[in-house]
Amino acid sequence: SAIAKGYGVDRVAQALEAKGFDRYLVEVGGELRVRGETARGAPWRLGVEAPLEDRRAVQAIVPLTEGAMATSGDYRNYYEQDGERISHTIDPRAGAPITHRLASVSVVAADCTTADGWATALNVLGPDDGYAAATKEGLAAYFLVRAPDGGFDAKITPAFQRLLPRD
């Protein structure tokens with residue numbers, strides 16, 4: 001389902017727009033698309049989830065009034081064999097599950113099908129090649145990479161950095 005949820009989100013958004021709705025948030029399995037502002041007149045606040053296995057927490061907040069965000073990662077769907085994490089995502093170049101340290105990557109795009117497809121592709125490419133591809137393509141991408149100390153290091157493309165609130 002590399003783009004299935006994103007495509008579903010886009011279809012629901014299109015149906016809402018066809019009915020005249022100009023303010024909405026659609027979410028299917030963590031993939032989101034927004035248009036307009038909230039009822040309070042503020043941008044929608046989309047959360048980038050911290051890739052924790054034991055609880056849910058927000059890593060970053062992305063305010064949007066137009067667009068979509070999708071996340072791909074291995075922190076929900078995996079198994080362990082002989083102490084090694086086996087991802088549900090297959091790298092077609094190797095014909096085997098991905099084995100790099102990238103825990104998740106979130107992508108913001110105009111539509112959710114595009115965001116979902118890129119999130120999956122960047123996840124397969126990993127923290128270094130994925131970041132290089134995202135930067136080259138001008139994508140708004142937020143990578144969370146497992147650090148040796150058990151935490152996470154964020155790698156944020158310039159396009160994604162522009163979306164984040166300035167403190």
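Reader: In this predicted model, what makes Tyr142 count as buried or exposed?

Author: The model is predicted. Tyr142 has a relative accessibility of 5%, and buried means under 20%, so Tyr142 counts as buried.

Reader: Why is Phe160 placed in its accessibility class?

Author: The relative accessible area of Phe160 is 0%. Since the limit for buried is under 20%, Phe160 is buried.

Reader: How do you know which class Phe143 and Tyr131 belong to?

Author: Phe143 has 0% relative accessibility and therefore counts as buried. Tyr131 stands at 22%; partly exposed covers values between the buried limit of 20% and the exposed limit of 50%, so Tyr131 counts as partly exposed.

Reader: How many aromatic pairs does the rule give?

Author: The count comes to two aromatic pairs.

Reader: Why is the pair of Tyr131 and Phe143 given its geometric name?

Author: The ring centres lie 5.8 Å apart, and rings pair if their centres lie within 6.5 Å. The planes stand at 65°, and over 60 degrees counts as edge-to-face; the pair is therefore edge-to-face. Tyr131 belongs to helix H2 (residues 112–137) and Phe143 to strand S11 (residues 140–146), so the pair links distant parts of the chain, twelve residues apart.

Reader: What makes the pair of Tyr142 and Phe160 stacked, tilted or edge-to-face?

Author: Tyr142 and Phe160 are 5.2 Å apart centre to centre, with 55° between the planes. Stacked requires planes under 30 degrees apart and edge-to-face over 60, which leaves this pair as tilted. Tyr142 lies in strand S11 and Phe160 in helix H3 (residues 158–161), so the pair ties together parts that are 18 residues apart in sequence.

Reader: How do you know which strands pair with S10?

Author: Two strands pair if at least two bridges are found between them. Six bridges join strand S5 (residues 66–73) to S10, running antiparallel, and six bridges join S10 to S11, also antiparallel. Among the residues involved, Met69 has Val108 in S10 as its bridge partner, and Val107 stands opposite Ala141 in S11. Strand S10 (residues 102–109) is mostly covered, with eight of its eight residues buried.

Reader: What shows that H2 falls short of a straight helix?

Author: H2 has 26 residues, and a straight helix would reach 38 Å at 1.5 Å a residue, yet the end C-alpha atoms of H2 are only 17 Å apart. A kink of about 135° lies at Gly126, shortly before the proline Pro127.

Reader: What caps the N-terminal end of H2?

Author: Asp111 does: a side-chain oxygen lies 3.2 Å from the backbone nitrogen of Thr113, and a polar contact needs N or O atoms within 3.5 Å.

Definitions and conventions: Residues numbered from 1 in each chain as written. Predicted model: local features only at pLDDT ≥ 70, side-chain atom pairs only at ≥ 80, totals over all residues. Heavy atoms only, no water. Phe/Tyr/Trp six-rings, centres within 6.5 Å; stacked < 30°, edge-to-face > 60°. Helix = DSSP H or I, 4+ residues; strand = E, 2+ residues; numbered from the N terminus. Buried < 20%, exposed > 50% of the residue type's maximum accessible area, 1.4 Å probe, protein only. Expected span 1.5 Å × (residues − 1). Bend = angle between axes of the 7 residues up to and from the residue. Polar contact = N/O pair within 3.5 Å; in protein donor to acceptor, adjacent residues only side chain to side chain.
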